[in-house]
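Work through the exercises below with the sequence and the model open. Each task is followed by a solution in steps.

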Amino acid sequence: MNYHREQLEIYVSCRCLKEREGCTQIHPQANFYMLKGEDVGWKIIGSTEALTLCANPNFSKTILVDYVFSLLQNIRIEIIDIDSNKSTFVLGRVETCLGAIVGSKCSIISLSLHNENGKFAGKIILKAENTHRSSEYVSFRMRIEKIPN
């Protein structure tokens, strides 16, 4: 089937991330997964940068994803804490679909994160923007005359 695809750029911010037990500093990173079918499961499609000591991160690295209007595209976002030994711990996660982000007012959605025990772990704010990239190109010629030295 031939579907109309748009490339989206997803911006990520979090608010009030809860610290894990025994840890007083958060070094968050957001990992994005997409459900690729029952037989394949969740596949990672991108990650933000890891920030230092930040409970209210505004990640600068965005996630690029192909959006197809006529398909249900389930995504999972996990906010992980990376410690000094490079080991990771899931602070919170949420599942939604790309259509929910695109269809929300101004393509911005705020969702609650929950930890593995189901407790509130903070908020995540997702914003989608169309990259307007295309495969079209422009060709032109230019001629310049009488340019003073």
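**Exercise 1.** In which strand is the place of Thr-96? Is Thr-96 buried or exposed?

*Solution.* This is a predicted model, in which local features need pLDDT of at least 70, side-chain atom pairs count only at pLDDT 80 or more, and totals for chains, interfaces and linings use all residues. Residues are numbered from 1 along each chain as its sequence is written, and side-chain values use heavy atoms, with hydrogens and water left out.
Step 1: Thr-96 lies in strand E6; strands are DSSP runs of E, at least two residues, numbered from the N terminus.
Step 2: Thr-96 has a relative accessible area of 12%, so it is buried (under 20%; exposed is over 50%, partly exposed in between; 1.4 Å probe, protein chains only).
Step 3: leaving aside neighbours within four places in sequence, Thr-96 is in contact with Gln-73, Asn-74, Ile-75, Ile-101 and Leu-111 (contact: heavy atoms within 4.5 Å).

**Exercise 2.** Describe how E7 and E8 pair.

*Solution.* Step 1: E7 covers residues 108-114 and E8 residues 120-130.
Step 2: the two pair in the antiparallel sense over seven bridges (pairing needs at least two bridges found by DSSP).
Step 3: Ile-108 stands opposite Lys-127 in E8.
Step 4: the two strands form a hairpin with five residues between them, and Gly-118 in the turn has a positive phi of about 85°.

**Exercise 3.** List contacts of Ile-79 beyond its neighbours within four places in sequence.

*Solution.* Among them are Cys-14, Leu-17, Phe-89, Leu-113 and Ile-124.

Definitions and conventions
Helices (H or I, at least four residues) and strands (E, at least two) are DSSP runs, numbered from the N terminus.
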